[in-house]
Amino acid sequence: CSEIYYDLGDHISDPEDRYLEIWNLVFMEFLKDEEGKFTPLENKNIDTGAGLERIATILQGVNNSFETNELFNVMQSLAKDLGLEYGKNPDHDLYLKIITDHLRCLCFLIADGVRPSNMGRGYVLRMITRRAARFVYLIRNQTDAFLYKHCTSVIQNYSLAYPELQANSEAIVSVCRKEEEAFAKTIVNGLALLEEKLKASGKMVDGEFIFDLYSTYGLPLELSKDIVEEQGLTIDLEAYQKSKDAHSKASGTGNFK
């Protein structure tokens, strides 16, 4: 492969932030089978993986993709409603970026017909919605639905290129709000139990307990992993998997991710 980087300028001290990869040319030559053997492709090709938002970052003279016009508009709307000012606090900036990214993603998923569930892409939608809601909770310390009010910001900023957002605007707002409200009923108790467990845990957190948080309180594994890893700990994923399999077998559904 051949990676192409752009130097954003010496005003950025961190090399990881200063040099932005905007293109990655991947030369497809071989097929790798299930046994790990390589055979030449009948039709070789080049994957030109240019990033549209990364190119926009350069053309608009900003430091990262979150500061490009459409996405920044969404983030600014969230920041104003959360009482924050972007660029003043690194932790709050990180929260804003996560919430903004997840909000945009959930709007597109819902517009594409995805609905929250415990399986497949429905699970992905549920996970990112609840992860965004958790970061909102960290800022506001309130459990009332919040994200759904900002779905309109995503719709307004992206509908010119993606008219399906406007066509499904009512469903986007409604589905987001219902998922937030469902999560709000359990987030306080679930997070409180997890925090107490972390205080009594060693380096490895009980996977069975983490699964119980998901099955009882709706805390997705990815969300629990975020919180656990923030404390420098890890989850016993083998025990989590065993608990999940046992639950699926007992219920006869197999519906838990």
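Which residues line the second largest pocket? In this predicted model, the lining is made up of Leu-8, Ile-12, Glu-16, Asp-17, Leu-20, Asn-63, Asn-64, Ser-65, Glu-67, Tyr-86 and Lys-97. The space in the second largest pocket amounts to about 220 Å³. Its lining comprises four nonpolar, three polar and four charged residues.

The largest pocket has a volume of about 330 Å³. It is lined by 16 residues, of which Leu-52, Glu-53, Glu-70, Tyr-158 and Tyr-162 are the closest to its centre. Helix H2 (52–59), helix H3 (69–82), H4 and H6 are the elements that each contribute two or more residues to this lining. When the lining of the largest pocket is sorted by class, eight residues are nonpolar, five are polar and three are charged.

Helices H4 (residues 90–111) and H6 (residues 151–158) also meet each other: their axes come within 9 Å and cross at roughly 75 degrees. Because angles of 65 to 115 degrees count as roughly perpendicular, H4 and H6 are therefore placed in that category. On the H4 side, the contact is formed by Leu-103, Arg-104, Leu-106, Cys-107 and Phe-108, while H6 supplies Cys-151, Val-154 and Tyr-158. Seven residues in the contact of H4 with H6 are nonpolar, one is charged and none is polar.

Helix H10 spans residues 221–230, and its buried residues are Leu-221, Leu-223, Ser-224, Asp-226, Ile-227 and Val-228. After H10 comes Gly-232, which has a positive phi, near 75 degrees.

How values were computed. Residues are numbered from 1 along each chain as its sequence is written. This is a predicted model: local features need pLDDT of at least 70, side-chain atom pairs count only at pLDDT 80 or more; totals for chains, interfaces and linings use all residues. Side-chain values use heavy atoms; hydrogens and water are left out. Axes are lines fitted to C-alpha atoms, for helices over the stretch in contact, and angles run from 0 to 180 degrees between N-to-C directions. Helices (H or I, at least four residues) and strands (E, at least two) are DSSP runs, numbered from the N terminus. Angles under 35 degrees count as roughly parallel, over 145 as roughly antiparallel, 65 to 115 as roughly perpendicular and the rest as oblique. Contact means heavy atoms within 4.5 Å. Ala, Val, Leu, Ile, Met, Phe, Trp, Tyr, Cys and Pro count as nonpolar, Asp, Glu, Lys and Arg as charged, and the others, Gly among them, as polar. Buried means under 20% relative accessible area, exposed over 50%, partly exposed in between (1.4 Å probe, protein chains only). On a 1 Å grid over the protein atoms alone, a cavity is a set of points where a 1.4 Å probe fits but cannot get out, and a pocket is an open set with protein on both sides within 12 Å along at least five of seven lines; lining residues have an atom within 4 Å of a point. Grid points are joined across faces, edges and corners, and a volume is the space filled by probe spheres set on the points.
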